[in-house]
Amino acid sequence: MSIVLVSSPEANAGKTAAIVAIGQRLRRQGLRVDYRRTNGPEAAADAAFVSTVLRLTDGASATPVEAGLFVRDSAPSSASSDVTFVELDDLAALNSGVIAALNQAGARSLIVARYHADGLVDTIVEQARLVSLATVVIINAVPEKGRRQVEQRVAPALTAAGLVVAGIVPQDRSLLGLSVGDLARQLGAEVLCAEDALDEPVEAVMISAMSDEGAEHYFRRISRKAVVAGGDRPDIHMPALA
């Protein structure tokens with residue numbers, strides 16, 4: 001059994017999504033996948049979600065466990081899985097005994113780091129130092145304007161630090177919001193036109209001002225948006241639609 005310890009320098013970096021994506025790929029290759037989640041915020045929901053998506057049959061897989069418990073119970077699991085992902089919330093759970101046991105088991109570390117412009121290399125390197133395992137890095141949610149920085153500066157610096165950069169995942173803003181149809185359903189709204197475009201994404205919400213001065217320039221900043229405005233303000237509606 002291979003053990004992959006998945007962690008992030010900060011919350012909401014995409015650990016669970018990465019596990020699901022990699023786990024599905026491994027399953028298509030015929031490998032058996034298991035999942036453990038250390039206790040922390042949203043632990044039960046994450047564990048249940050991953051177990052459902054990856055169709056795990058072991059009931060224990062849907063139960064958050066402490067990192068130490070996982071290490072002690074890892075041997076019985078080896079017969080039922082080829083790769084076990086352990087999603088880690090709190091680095092404090094990795095005491096020297098746990099790290100020694102993981103090293104003895106040949107575990108590897110996967111760090112999922114969300115892109116930010118400043119200090120990304122130092123943040124990832126420090127995370128890898130604390131985990132103290134052979135580490136692979138995925139840099140997630142990289143905007144188009146940050147891709148060159150990641151490719152030309154961040155990735156080479158991480159490689160020089162002895163880390164393997166396995167992937168650079170671009171940001172897709174359409175995944176960050178609702179579709180027009182979703183928004184209409186949630187609001188119980190009446191759709192007045194363009195019913196064939198309800199699958200278009202809403203990437204931002206813009207609030208109209210009391211004055212229409214500069215409205216068109218303001219609304220041109222973002223194309224796929226929902227505008228909140230009074231119903232009796234055609235002077236706002238028309239610049240927004242334009």
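This is a predicted model: local features need pLDDT of at least 70, side-chain atom pairs count only at pLDDT 80 or more; totals for chains, interfaces and linings use all residues.
Local features were taken at pLDDT of at least 70 and side-chain atom pairs only at pLDDT 80 or more, whereas totals for chains, interfaces and linings use all residues. Residues are numbered from 1 along each chain as its sequence is written, and side-chain values use heavy atoms, with hydrogens and water left out.

Helices (H or I, at least four residues) and strands (E, at least two) were assigned as DSSP runs, numbered from the N terminus. Strand 3, residues 83-87, is mostly covered, as 5 of its 5 residues are buried, a term that denotes under 20% relative accessible area, with exposed meaning over 50% and partly exposed lying in between (1.4 Å probe, protein chains only). Val-83, Phe-85 and Glu-87 are buried on one face of this strand, and Thr-84 and Val-86 are buried on the other. Pairing, which requires at least two DSSP bridges between two strands, joins strand 3 in the parallel sense to strand 1 (residues 2-7) over 5 bridges, with Leu-5 standing opposite Val-86. Strand 2 (residues 33-37) likewise pairs with strand 3 in the parallel sense over 5 bridges, and here Val-33 stands opposite Val-83.

A nonpolar core was defined as a set of buried Ala, Val, Leu, Ile, Met, Phe, Trp, Tyr and Cys residues joined through side-chain atoms within 4.5 Å. The largest such core has 18 residues, and those with the most contacts inside it are Val-4, Val-6, Ile-19, Tyr-35, Val-50, Phe-85 and Leu-110. Elements that each supply at least two residues of this core include strand 1, strand 2, strand 3 and helix 2 (43-53), while helix 1 provides the largest share, 4 residues. Apart from this core lies another, of 13 residues, among them Ala-113, Ile-139, Val-150 and Val-154.

The whole structure contains 12 salt bridges, each being a side-chain nitrogen of Lys or Arg within 4 Å of a carboxyl oxygen of Asp or Glu. Arg-37, which is buried with a relative accessible area of 2%, meets the side chain of Asp-46 in a salt bridge (2.8 Å, N to O) and that of Glu-87 in another (3.7 Å, N to O). The latter pair links distant parts of the chain, with Arg-37 in strand 2 and Glu-87 in strand 3, 50 residues apart. Glu-87 is buried, at a relative accessible area of 1%, and salt bridges that share partners join Arg-37, Asp-46, Glu-87 and Asp-89 into one network.
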